[in-house]
Amino acid sequence: MASTVLSAPFPSAVDLRGRSPMIGVPKNGGDHLLLKGKGFGRVRMSVAVNLSRFEGVTMAPPDPILGVSEAFKADTNELKLNLGVGAYRTEELQPYVLNVVKKAEKLMLERGENKEYLPIEGLAAFNKVTAELLLGADNPVIKQGKVATVQGLSGTGSLRLAAAFIQRYFPEAKALISSPTWGNHKNIFNDARVPWSEYRYYDPRTVGLDFEGMIADIKAAPDGSFVVLHGCAHNPTGIDPTPEQWEKIADVVQEKNHIPFFDVAYQGFASGSLDTDAFSVRLFVERGLELLVAQSYSKNLGLYAERIGAVNFVCSASDVTDRVKSQLKRLARPMYSNPPVHGARIVANVVGDPTLFDEWKQEMEQMAGRIKHVRQRLYDSLSQKDKSGKDWSFILKQIGMFSFTGLNKAQSDNMTNKWHVYMTKDGRISLAGLSLSKCEYLADAIIDSFHNVS
Ligand code: PGU
């Protein structure tokens, strides 16, 4: 940079370019200003100008989910409640590290495990147990070598890797996502350049599943589309198809030659049982369908920040599986080279050890149980306090971490601005971030927002 510093504020690079008759920005990056005009003649000045090459970059909006946590942190009111992000809290509203995780970490420390690079596809012991947890250890597709499992950067990274695969090998195909869905699905497919469209899912009139609409839209989509399905505990609605409805969805997917793409971020969190929550995926596998599954251990093992998950491709023949896996590795290598080891070892130790595995299941039941309690208490508070006769029973019918309240954007804004209840603007609240003792307060906030804000 040059020597003279001018204290007067300077226009940005973009402004300068816009006013180029007066001021020229040299090609080398802005060390010199060339001032031209009446009375100036041609003046060459050396200045250290705070001209960024990135002036043209606009401010991105806050993330609709993770941005809520940022806003929550900035609020100093002591009544504040963060029901934005789907992250489990204790009754004292503190983050929770599972006991089995602590035990697994202790074991790892005692063994003095190293920090060498993992292979591109991740930790072999993790990949083995994660596919077994998803599909059932005795599933024939595992025995027949028809499952390609690659460790991913949690659910998001696994979805993103699979989306990159779709873009590379099925450039004409589109993804079908539910309306509504987890907001990041759209970002993932947009960034991977996979076109997507929505299928009907939520019916605001019944506050339930628009099953007819869902089936009709999946039928109407071009053959061979990738149908993104939430394996259990649909986010944000908390409404899952019944087993019979899953059968019908499988019929249509099969008929249309679509490829199911399951997002399994809550295995164990919907019902409290790992097997029950894997029903949908296992049903499609049993039918002999080829499919993709992204898994996450953020919620069920509380490993949010470890970024541990996997992408599984179930293919119809083992030689195809090997080729698919080789291409997933090829996609991963230039993106992040190989995945982190810590979370993978935790999962491998917990799921691979019968004692820890049993303890995990108990802890998960407790977590899922606490959420069910909170759900019931919130419903009771709303029913008692709200004299309008409104039926709040949809809250009890929804499952998983969330409740989709039906509050619109203005009402959700009121929840935050007046009541300091932080939630996403689609009306979703995370019951995992709610305590029994805060249910009454939340009920007051919901009733006020629902009846007094249009
Ligand atoms: N898929 C679904 C359906 C999810 O709800 C989430 C997390 C993920 C994938 C990805 O989670 P990973 O942590 O990458 O494994 N959704 C939460 C967490 C916050 C977020 O948006 O990432 C949520 O509050 O919706």
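## Exercises on a predicted protein–ligand model

This model is predicted, with a mean pLDDT of 91 for the protein, and 89% of its residues reach 70 or more. Residues 1-41 are the stretch to treat with care: there the pLDDT is below 50, although the model gives this stretch 64 contacts beyond near neighbours in sequence.

**Exercise 1.** Let's start with the fold. Work out how many helices and strands the protein has, and what share of its residues is buried.

*Solution.* 
- Step 1: Counting the secondary structure gives 17 helices and 16 strands.
- Step 2: Of the 454 residues in the protein, 52% are buried, with under 20% relative accessible area as the cut-off.
- Step 3: Turn to the contacts with a separation of 6 or more; 72% of them join residues 24 or more positions apart.

**Exercise 2.** Now for the ligand. Find which residues are closest to the ligand, and which side chains place an N or O atom by a ligand nitrogen.

*Solution.* 
- Step 1: The ligand is surrounded by 18 residues, and the closest are Ser154, Thr156, Asn235, Tyr266 and Ser296.
- Step 2: Begin with the backbone: an N or O atom of Gly155 sits 2.8 Å from a ligand oxygen.
- Step 3: Next come the side chains. Asp263 has an N or O atom 2.6 Å from a nitrogen atom of the ligand, and for Lys299 the corresponding distance to a ligand nitrogen is 3.4 Å.

Notes. Residues numbered from 1 in each chain as written. Predicted model: local features only at pLDDT ≥ 70, side-chain atom pairs only at ≥ 80, totals over all residues. Heavy atoms only, no water. Helix = DSSP H or I, 4+ residues; strand = E, 2+ residues; numbered from the N terminus. Buried < 20%, exposed > 50% of the residue type's maximum accessible area, 1.4 Å probe, protein only. Contact = heavy atoms within 4.5 Å. pLDDT = per-residue confidence, 0-100. Near = heavy atom within 4 Å. Polar contact = N/O pair within 3.5 Å; in protein donor to acceptor, adjacent residues only side chain to side chain.
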